[in-house]
Amino acid sequence: MPSAVILLHDANHLADDQRDRFLACLSEAELLRYRRFVRPVRQREFLLGRILLRFAAAHLAGAAFDAVQVTERKSQAPLIRLPAAAAPHFSLSHSRGWVACAASIDTALGLDIETLDPGRDVDAIGRAAFSAAESNWLSSRAAQDKVADFYALWSSKEALFKLMSTQGSEAPLPEQAAAGARLRSGPEWHARTWVQHGLAIALCSRDRLYPVRRTCLSGATPADWLRQLNGS
């Protein structure tokens, strides 16, 4: 059965010297885009996203980190190439300094992460952003679960949109609630959700996935991350 990995990293504490080493890994087109971001947090998110992408591709393909080539594309996800292997499917997301990359050799993906914010009026947002069926489902949820349920649905919808976009689909976004229940699959999509480190994480895939390995990378460099994944 198809499998996937999700790599998480907190970019809020990126040191200046490590930032400079990561910047040296980017292409000229990536550097130009990096410099266009005004807010430092968005610069860090973009930078770490591109480093995580290279690391995930290299790890799944058994290739060297430096062998991964990334090409920027206007209004599209970047294109990745490997010298002697097929590039994996991938999806990137970020939220308040956290960065995540999902990758799979087997199937197309869409990933979204959102920081849980208990202060938001999730019922009002749901009425404005969700369909009637989805909003009604959210309204029926228990008060203590409503924030987590809102973010699970919201992030699943974002992840599904990304999945459909990678496949060139222009069809309307499918409903994710019906008959008072939240839907977790449909024609050519399957959704899984988690809460980790104060983040709602949603992964939509074209094919049903098992397993999905989620790792919060704690080291400062790709070499540290590789040792962590290898358990050494």
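Mentor: We will take the cysteines, then the strands, then a helix. This is a predicted model, where local features need pLDDT of at least 70, side-chain atom pairs count only at pLDDT 80 or more, and totals for chains, interfaces and linings use all residues. Residues are numbered from 1 along each chain as its sequence is written, and side-chain values use heavy atoms, with hydrogens and water left out.

Trainee: How many disulfides are there by the rule?

Mentor: The count is 0 disulfides. A disulfide is a pair of cysteine sulfur atoms within 2.5 Å. The closest cysteine sulfur to that of C101 belongs to C216, at 14 Å, so the two are too far apart for a bond. C204 is in no disulfide either; its nearest cysteine sulfur is that of C101, 16 Å away.

Trainee: What makes C101 and C204 count as buried?

Mentor: Buried means under 20% relative accessible area, exposed over 50%, and partly exposed in between (1.4 Å probe, protein chains only). C101 has 1% relative accessibility, so it counts as buried. C204 has a relative accessible area of 0%, so it is buried as well.

Trainee: What makes strand 6 and strand 9 edge strands?

Mentor: The open sheet has 4 strands in the order 6-11-10-9, with antiparallel pairing. Strand 6 and strand 9 (185-186) each have a single partner strand, so one side of each has no neighbour in the sheet. Helix 6 (residues 146-166) packs on this sheet and touches strand 6, strand 10 (189-196) and strand 11.

Trainee: Why is H9 called buried?

Mentor: Its relative accessible area is 9%, so H9 falls on the buried side of the cut-off. H9 lies in strand 1 (residues 4-10), where 6 of the 7 residues are buried. The H9 side chain reaches the backbone oxygen of L217 at 2.8 Å. That is a polar contact (a pair of N or O atoms within 3.5 Å; within protein, one must be able to donate a hydrogen and the other to accept it, and residues adjacent in sequence count only if both atoms are side-chain atoms).

Trainee: Which strands pair with strand 1, and in what sense?

Mentor: Strand 12 (residues 212-216) runs parallel to strand 1, joined by 5 bridges. Strand 5 (residues 98-104) is antiparallel to strand 1, over 6 bridges. H9 stands opposite V99 in strand 5, and L8 has C216 as its bridge partner in strand 12.

Trainee: How do you know that the buried residues of helix 2 line one face?

Mentor: In helix 2 (residues 28-36), the buried residues are E30, L31 and Y34. They fall within an arc of 100° seen down the axis, so they line one face of the helix. The arc is that of the directions from the helix axis to the C-beta atoms. E28 and R36, on the other side, are exposed.

Key: Helices (H or I, at least four residues) and strands (E, at least two) are DSSP runs, numbered from the N terminus. Two strands pair if DSSP finds at least two bridges between them. Contact means heavy atoms within 4.5 Å. Axes are lines fitted to C-alpha atoms, for helices over the stretch in contact, and angles run from 0 to 180 degrees between N-to-C directions.
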